[in-house]
Amino acid sequence: MGPIETGESGIIFDIRRFTIHDGPGLRSTVFLKGCPLDCKWCHNPEGKKSSIDLWHFKNKCIACHICVGKCPQKALSVSADKANHINIDKSLCNKCGICVSECPANALAFDGRLVTVQEIIQEVKKDTAFYEESHGGVTLSGGEPFYQKNFSRKILESCKTEGINTIIETCLYTTRETIDEFVECVDEFIIDIKIFAREEHIVHTRADNEIIKANFKYLAKKVNSILVRIPLIPEFTATPENIQQIAQFVATTRSDIPIELINYNPLGRNKYVLRNKEFCLSDSVKPFTDDQINDFYAIIARAGAAIVKDDVIIRKTKKK
Ligand code: SF4
Ligand code: SF4
């Protein structure tokens, strides 16, 4: 399913209040569904598809089979080999939600919901006083917010009307026309850059990063406030060569754009286990130590890029 044109309403999978890692101050982060990339390590797999799916969590399931009898569409059945594995025939399911509300173990759930711009604004406005006090605001994340670009833009425009600071977190896999549409309603762009080498990027995300690189250069000429984030994923992004290449690209595009490293979070793996999906890394893979992260930051600094550590921007001069 490609990008969807929603507008006054769209599909999200979460709104988290009081977030502190999605931009300055206390923020509300709205997570939109749908992404053009398919990163193997994605820590929000529920954000990948723009459609709303019904999920069965077999580790919560108590095998009572109430759901099977309650489904009016006969879309649920018990797996022949495992009593606590419920098969969902998605061609029959009309997403009525009866099984979700009838399950006594919360083992069935939708991975998103349709909401209006107005509903989101009502929700995020609850924390206006905290935004003002902490210089925070609203961040759109995902998934990829540009995937539902009209919906995203309307949320951000409404936030600006309310005087709320806005950030969009994006992979920049989009069109220049889309970028142009967001320049006025976004206070800061957080750009996730994962892998620099084109072929590796295609293999691990199923998308060509030449579009991302070109858009990054385009955006850097248009707006001041940009932060680059690199997720440190062992075996995929967290190699000295990749970090150096991204840092050099950012520094030669605009040396004042800071780079922040996001440590690997092994908890993301649980979402795959819950959904009966394989994850790309074993559970023995640990986050990086402070020393290892400092080594990666040193690579970035040597490439001439600014860095962000503990919310402080540090700029270093490139060695001759
Ligand atoms: S109703 Fe819930 S707990 Fe019972 S079989 Fe269905 S999914 Fe499992
Ligand atoms: S959402 Fe409705 S149609 Fe779909 S499986 Fe559950 S009860 Fe059946």
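## Helix H3

In this predicted model, helix H3 (residues 117-124) has Val117, Ile120 and Val124 as its buried residues, where buried means that 20 or more other C-beta atoms, placed from the backbone, lie within 10 Å of the residue's own, and where helices (H or I, at least four residues) and strands (E, at least two) are DSSP runs numbered from the N terminus. These residues lie on the same side of H3 because they cover an arc of only 65° around the axis, the arc being that of the directions from the helix axis to the C-beta atoms. They pack against strands E1 (9-19), E2 (27-32), E7 (113-116) and E8 (137-142), and against helix H5 (149-161), with contact taken as C-beta atoms, placed from the backbone, within 7 Å.

Residues are numbered from 1 along each chain as its sequence is written, while chains are lettered from A and ligands numbered from 1 in the order in which they are written. Since the model is predicted, local features need pLDDT of at least 70 and side-chain atom pairs count only at pLDDT 80 or more, whereas totals for chains, interfaces and linings use all residues.

Leaving out residues up to four places away in sequence, Ile300 touches Ile243, Ala247, Ile259, Ala305 and Ile307. Ile307 is in strand E13 (residues 306-309) and counts as buried because it has 20 C-beta neighbours inside 10 Å. With the same exclusion, Ile307 touches Pro258, Ile259, Tyr297, Ile300, Ala301 and Ile314.

## Domains and ligand shell

The domain assignment, which is automatic or from a database, gives domain 1 (9-50 + 113-314) and domain 2 (54-110). Their C-alpha centres lie 34 Å apart, and four residues of domain 1 are in contact with five residues of domain 2.

Around ligand 1 there are 13 residues, the closest being Cys61, Cys64, Cys67, Cys103 and Ala107, where a residue belongs if its C-beta atom, placed from the backbone, lies within 6 Å. This shell divides into 11 nonpolar, two polar and no charged residues, with Ala, Val, Leu, Ile, Met, Phe, Trp, Tyr, Cys and Pro counted as nonpolar, Asp, Glu, Lys and Arg as charged, and the others, Gly among them, as polar.

Notes:
Contact = placed C-beta atoms within 7 Å. Buried ≥ 20, exposed ≤ 12 C-beta atoms within 10 Å, placed from the backbone.
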